[in-house]
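These exercises go through one structure step by step. Try each task before reading its solution.

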4 protein chains.
Amino acid sequence: MRPENKPTGQESGSFIERARRAQIIASAIEVIADQGFANASLARIAKHAGISKGVISYHFAGKDELMEQVVDQVYADIARYVLERMEGHKSATALLRTQITAVAQHMREHRSQVKALGEIFYNLRLPDGTPRYGVAASEELFQSLELIYRHGQESGEFRLFDVRVMAVSHTAAVDNMFAYWVTHPGHDLDAHARELADIFVHATRAEGALP
Amino acid sequence: MRPENKPTGQESGSFIERARRAQIIASAIEVIADQGFANASLARIAKHAGISKGVISYHFAGKDELMEQVVDQVYADIARYVLERMEGHKSATALLRTQITAVAQHMREHRSQVKALGEIFYNLRLPDGTPRYGVAASEELFQSLELIYRHGQESGEFRLFDVRVMAVSHTAAVDNMFAYWVTHPGHDLDAHARELADIFVHATRAEGALP
Amino acid sequence: MRPENKPTGQESGSFIERARRAQIIASAIEVIADQGFANASLARIAKHAGISKGVISYHFAGKDELMEQVVDQVYADIARYVLERMEGHKSATALLRTQITAVAQHMREHRSQVKALGEIFYNLRLPDGTPRYGVAASEELFQSLELIYRHGQESGEFRLFDVRVMAVSHTAAVDNMFAYWVTHPGHDLDAHARELADIFVHATRAEGALP
Amino acid sequence: MRPENKPTGQESGSFIERARRAQIIASAIEVIADQGFANASLARIAKHAGISKGVISYHFAGKDELMEQVVDQVYADIARYVLERMEGHKSATALLRTQITAVAQHMREHRSQVKALGEIFYNLRLPDGTPRYGVAASEELFQSLELIYRHGQESGEFRLFDVRVMAVSHTAAVDNMFAYWVTHPGHDLDAHARELADIFVHATRAEGALP
DNA sequence: CATGAATGAGGTTTCATTCAT
DNA sequence: AATGAATGAAACCTCATTCAT
């Protein structure tokens, strides 16, 4: 019997406990990234980790909890990585460029994690059949992007536009940059990111004021 | 035994044969749009169509072939719809706007089809676990968008940019417009499309030349 | 896909359908009577019937439905058997004696059925853990016995007593007669039944009026 | 390693050893009474006791031994309680009444214990699937009741009847009194017991000699 | 003396597919 | 051309038990 999860931010459980959970989460990420969500059975995840199937059930309440832990961890990693790199920048334009290029860097260094995140986001469903995450789950991300866009509009850097549509399109373009890179090995991710940043810089530019 | 499928574009089989296949494809679309790819078992599709499970196996080589037929049909519908509306326009800018708004109109009128298309695109896998359609499958779409963008660059309407990145981002933004609309009932799809067209018009604009 | 059960009294399904269901129910009865409820897995029931596990899932919504069908059938058999033999008797005393001896006869001829019924009654639980049947489920039986007892009190054959306590005790004594017989092969069930009838005849007798 | 259990009546092991075993037995009783035998996993029993699962394995050879210890303890409690109250009574009729009412009192005061006892009696099986306790296990109880009945027949208080059938029916009626009370909160257990005593007093009465 | 960790068997259920009719 | 019936694999989950520490 594993002690019930303490949903606090604080790490819980013994050292071994945490190590096993991390190992299982890592294995899940690799299997999902490699074989897709639908093929990522507990059996495969366990086999990939070199452990017995029961171990997963021992450390996680069920498959859903494991998936949610994967999402939580990967999402937190991305957010930390990107926010660190955005610190210090003042202008909305710089923030915008930095966000896109930082995400791209993180993707290049954590390809499997990001892929697994996307798979789970798209596929995990609640018992009633409705998506567990969905576009709705990106609300937090939308809002943080809207902060940048609104900041640019207020400072006069950006023209007036619907910040929600811009945020949704921004998110989509970044996500697909990743998907495109994954399926086109050899594609220059950093160049793509720079081009994408250019696109949104132009798209948001106040009339007659290109930098 | 059913005669093997002729993979030509030409309709094959008797009238009844074609009608049954169409009925099954329509049922599959509705079930997938409603319950998601993972919950769209042949049993559910058959039940929804009011027929026996065996009929599907009789008319399609397997589940995968059914899914591919759904994709083919829906994809062809979208292409026809959008191309019809683009005809007659000359300027790249007009073509760009029209493409985006026409897709949005089609989405509004064929919500289930588009949703099912997305589900299959994202979820269907080959036996070895790799995606059946990945971003790679959008190659045809990318190229047709690139035609527009290159046309604009040659006519001087558009600035110089990487047309592939622009096409990928364009596709992504349109896809997510749909996803956002699906999960946010009441969202104004047409307004979103107009804003999105504005975004790409600005993003592509030759310097100092806003219309 | 099996057509959903029509909960009407009318038999539903094709001939083969009904035959398979009957076969599976019979197999379940034998396995439960032989190995006990806890050991009566679907695998064992299927093996005993010489069919695949999946067949059971095909014909019954789940294990619980199978168990309930067993109860329904066995219970109806007993009721029919006993009521047939009680018909024509007028005096409460005769009805009482007949009920007990008829049940005993039925038990002797349908040992497995009765045993399985008891096992399911005692063990089957709802998803929330509460008993599916329980003493509460015997309410119908209690009330029919109370009719006899009240009839005897009104006719003056029986003394005054709490008919509910008498019915509960009666039910218990009959059930345990069966259980005792099951565990003591060679025990004379009919003699036991006659003795038991004597006990309740004496227990109910109006003072000073033994027949 | 724990020293093997000494199956003597004498308490064995250190103080801590005995305390732990008692604690575990008590927890098992509560869980079984609450959730039923089938849902009383070692995990749940351990959790309810606030200890680790391993402790149970340490102190008991296995689940079966734990169950048997529960039976032994509860059974001994009941016997002691009832026998104490029967002491001093001489007439068979008084002994009969006292036995029934004393058992009822004990039930009211030790509801969980009695419920757990019944669950285990009915459900525990030997590895080969046969019941560990069946009606056969009540032999001791039957014989002690038979002593009373034979005593009454010899003293002339009781009519002639088959003492085994009477004892079996008596046991059944008392057991079901408990089951009925458990499922009908608010039912008057003491009144039920008095009625039940009346029933057996009448059932055993020598003709023409009601007290 | 106690624990946390791990195991692997076995449970029910869902599913795509095959086949005789 | 269609159906109902059957299959067996694979999924997730629970559990009693074992073992190193």
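Helices (H or I, at least four residues) and strands (E, at least two) are DSSP runs, numbered from the N terminus. The model is predicted: local features need pLDDT of at least 70, side-chain atom pairs count only at pLDDT 80 or more, and totals for chains, interfaces and linings use all residues. Residues are numbered from 1 along each chain as its sequence is written, chains are lettered from A and ligands numbered from 1 in the order in which they are written, and side-chain values use heavy atoms, with hydrogens and water left out.

**Exercise 1. Describe the fold of chain A.**

Step 1. Count the elements: chain A has nine helices and zero strands. Read from the N terminus, their order is α-α-α-α-α-α-α-α-α.

Step 2. Take the dimensions. The C-alpha trace of chain A spans about 65 × 40 × 35 Å along its principal axes.

Step 3. Look at burial, where buried means under 20% relative accessible area, exposed over 50%, and partly exposed in between (1.4 Å probe, protein chains only). Of the 211 residues in chain A, 48% are buried.

Step 4. Look at contacts (heavy atoms within 4.5 Å). Among those in chain A between residues at least 6 apart in sequence, 63% join residues at least 24 apart.

**Exercise 2. Examine helix α5 of chain D.**

Step 1. Helix α5 of chain D covers residues 92-109, which is 18 residues. The distance from its first C-alpha to its last is 26 Å, close to the 26 Å expected at 1.5 Å a residue; the expected span is 1.5 Å times one less than the number of residues.

Step 2. Find the buried positions. Among them in α5(D) are L95(D), L96(D), Q99(D), I100(D), V103(D) and M107(D). An α-helix has 3.6 residues a turn, so residues three or four places apart point the same way.

Step 3. Find the cover. The buried residues of α5(D) are covered by elements of chain D that include α4 (63-86), α6 (111-123), α7 (139-155), α8 (163-183) and α9 (189-204).

**Exercise 3. How is chain B related to chain A, and chain C to chain D?**

Step 1. Superpose the copies by least squares on the C-alpha atoms of residues with pLDDT of at least 70 in both. Chain B is laid on chain A with an RMSD of 0.3 Å by a turn of 178° and a shift of 0.1 Å along the axis. That is the relation of a two-fold axis.

Step 2. Locate the axis. In chain B, A203(B) comes closest to the rotation axis, with its C-alpha at 2.2 Å.

Step 3. Compare the interfaces. Because 100% of the interface residues of chain B are also interface residues in chain A, these copies meet through the same surface.

Step 4. The C-alpha of chain C nearest the axis belongs to A203(C), 2.0 Å from it. Here 100% of the interface residues of chain C are also interface residues in chain D, so these copies too meet through the same surface.

Step 5. Check two other pairs. Chains A and C do not touch, and their nearest C-alpha atoms are 16 Å apart. Chains B and D do not touch either, with 31 Å between their nearest C-alpha atoms.

**Exercise 4. Which residues and elements surround DNA strand F?**

Step 1. A residue is near a strand if one of its heavy atoms lies within 4 Å of it. DNA strand F is surrounded by 32 residues, the closest being V55(B), R20(C), V55(C), H59(C) and K63(D).

Step 2. Assign the elements. At least two residues each are supplied by α2 (42-49) and α3 (53-59) of chain A, α1 (15-35) and α3 (53-59) of chain B, α1 (15-35) and α3 (53-59) of chain C, and α2 (42-49) and α3 (53-59) of chain D.

Step 3. Sort by class: Ala, Val, Leu, Ile, Met, Phe, Trp, Tyr, Cys and Pro count as nonpolar, Asp, Glu, Lys and Arg as charged, and the others, Gly among them, as polar. The surface near DNA strand F has seven nonpolar, 14 polar and eleven charged residues.

Step 4. List polar contacts (here, pairs of N or O atoms within 3.5 Å). Polar side-chain atoms lie 2.8 Å from a phosphate oxygen of DNA strand F in K63(A) and 2.7 Å from one in H59(B).

Definitions and conventions: Polar contact = N/O pair within 3.5 Å; in protein donor to acceptor, adjacent residues only side chain to side chain.
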